[in-house]
Amino acid sequence: MCELYSKQDTLALRRKHIGPSCKVFFAADPVKIVRAQRQYMFDEKGERYLDCINNVAHVGHCHPEVVRAALKQMELLNTNSRFLHDNIVEYAKRLSATLPEKLSVCYFTNSGSEANDLALRLARQFRGHQDVITLDHAYHGHLSSLIDISPYKFRKGKDVKKEFVHVAAAPDIYRGKYREDHADPAGAYAGEVKKIIEEAHSSGRKIAAFIAESMQSCGGQIIPPAGYFQKVAEYVRGAGGVFIADEVQVGFGRAGKHFWSFQMHGEDFVPDIVTMGKPMGNGHPVACVVTTKEIAEAFSSSGMEYFNTYGGNPVSSAVGLAVLEVIENEDLQGNATRVGMYLTELLNRQKAKHALIGDVRGVGLFIGVDLVKDHQKRTPATAEAQHVIYKMKENRVLLSADGPHRNVLKIKPPMCFTEEDAKFMVDQLDGILTGLEEAIGTQTESVVPENIPCRTKMPKEAPSELLSDGSPDPKENPGQKRNRLCANKPPLLSKRLKT
């Protein structure tokens, strides 16, 4: 395996030269990844991990068609996007064809954060309004303009909510204000937005936009109830604002039956602006804002030219086109539907078996497992979730936990994830939860014991066809050592569970 430094030296150099606020996954014991292919990642020892985290490597790590497209165009030309070139217009045409007809004008950027920042500029220029309604626990990017509208971030720091920002309750029917037993949760949550608009108007403020992920990711894999977006759009447009659908994490077929996650809310709902990023370049930095001709013309009327040196450059556009081709040619949208349904079924069986699982929710290959200490009170099992993701890592499955309480297991793997992968992942989870529940059940205090049994089977090796890119098969690596899946190591988290 190719590495410049030992793992310890890499960690030391990272501490020295990389900003301390730049965190790594599994900070207590990071995985050093040196190679990846499709849904698998490999560490410096050649150990294989099943990747259930990466919605960036959308069509699979190092997909040969995407790599080929980048290499071919890079050998020919890459330049400033202000030069006339076919790739950018071809890509814009292909992207627009996946969207409702009125969403036809593209602005290319390099990241989802840039895309969301530009979307705010478009919205504010459209009617001259300034205020933004966002959802509680939302995250829309790392730029200053986006931290302002991301409660997921500004509520953790020293920043205070800006006067032009209005926070609506997340439409969470499991743990939110209006739950699954409410007669009309969509109407109730939309009513909260209407109330915000009325209060803003009474203070002399004007709404420029409502922004929301089509399915909330960092907020805990929240799927809005049917009809919610339609009602919100009606209220926001009535106030002179626009609806921005953030598809940065959830677009490009991840929802399965629909290419864009906002489409699952029905044909009668079409956003005014859609932002996209992360998966569209399969790891290459490319993102986009798509909007209506009317909004684009209003933005142009300001007289200020929009200029992005690299946005939509020939290589980025070639990569983006290749990703679209792979999604279609390999039926990855259909795969997300089939495997997502199978995985959800397996997880619901685990929910019936394990008291720690309070809720399983999701669409396609975007699934959340909400861990709770008490089903009735729905008390978040935060420390337990952290314990689970570290134990899953020991079992060579990479998962993360998120949500306002960090208790929701997030499952958003590459779209080539298989039913075999789903079964293996759930088997590992079953073994870990079984051991954890048995151990906690024997304690007088809520404690994670030091040696929790792990009842799982060793995974099969990666299929040989996945290793046919010229990279050495990890089985042939003489320095490889098998992970001991049930190693008796002290847990990496605090022993005492938080209550």
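Aspartate 370 and arginine 175 pair up in a salt bridge, with their closest N and O atoms 2.8 Å apart (a side-chain nitrogen of Lys or Arg within 4 Å of a carboxyl oxygen of Asp or Glu). The model is a predicted one, where local features need pLDDT of at least 70 and side-chain atom pairs count only at pLDDT 80 or more, while totals for chains, interfaces and linings use all residues. Residues are numbered from 1 along each chain as its sequence is written, and side-chain values use heavy atoms, with hydrogens and water left out.

Aspartate 370 sits in strand S12 (residues 366–374) and arginine 175 in the loop between strand S6 (165–168) and helix H7 (185–202), so this bridge ties together parts 195 residues apart in sequence (helices, H or I of at least four residues, and strands, E of at least two, are DSSP runs numbered from the N terminus). Aspartate 370 is buried at 0% relative accessible area, and arginine 175 is buried too, at 18% (buried is under 20%, exposed over 50%, partly exposed in between, with a 1.4 Å probe and protein chains only). Both belong to a salt-bridge network that also takes in Asp359 and Arg361.

In total, the structure has 25 salt bridges. One of them joins glutamate 3 to lysine 32 at 2.8 Å, N to O. Glutamate 3 comes before helix H1 (7–17), and lysine 32 is in the loop between H1 and strand S1 (33–37), 29 residues away. Here glutamate 3 is partly exposed at 32%, whereas lysine 32 is buried at 14%. Arginine 338 and aspartate 331 form another bridge, their closest N and O atoms 3.3 Å apart; arginine 338 is partly exposed at 44%, as is aspartate 331 at 36%.

Turning to the rings, there are 16 aromatic pairs (ring centres of Phe, Tyr and Trp, the last by its six-membered ring, within 6.5 Å; planes under 30 degrees apart are stacked, over 60 edge-to-face, the rest tilted). Tyrosine 107 is buried at 13% and phenylalanine 299 at 6%. The rings of phenylalanine 229 and phenylalanine 269 are 5.4 Å apart at 40°, so they count as tilted. Both of these phenylalanines are buried, and they belong to a ring cluster that also includes Phe210, Tyr228, Phe243 and Phe262.
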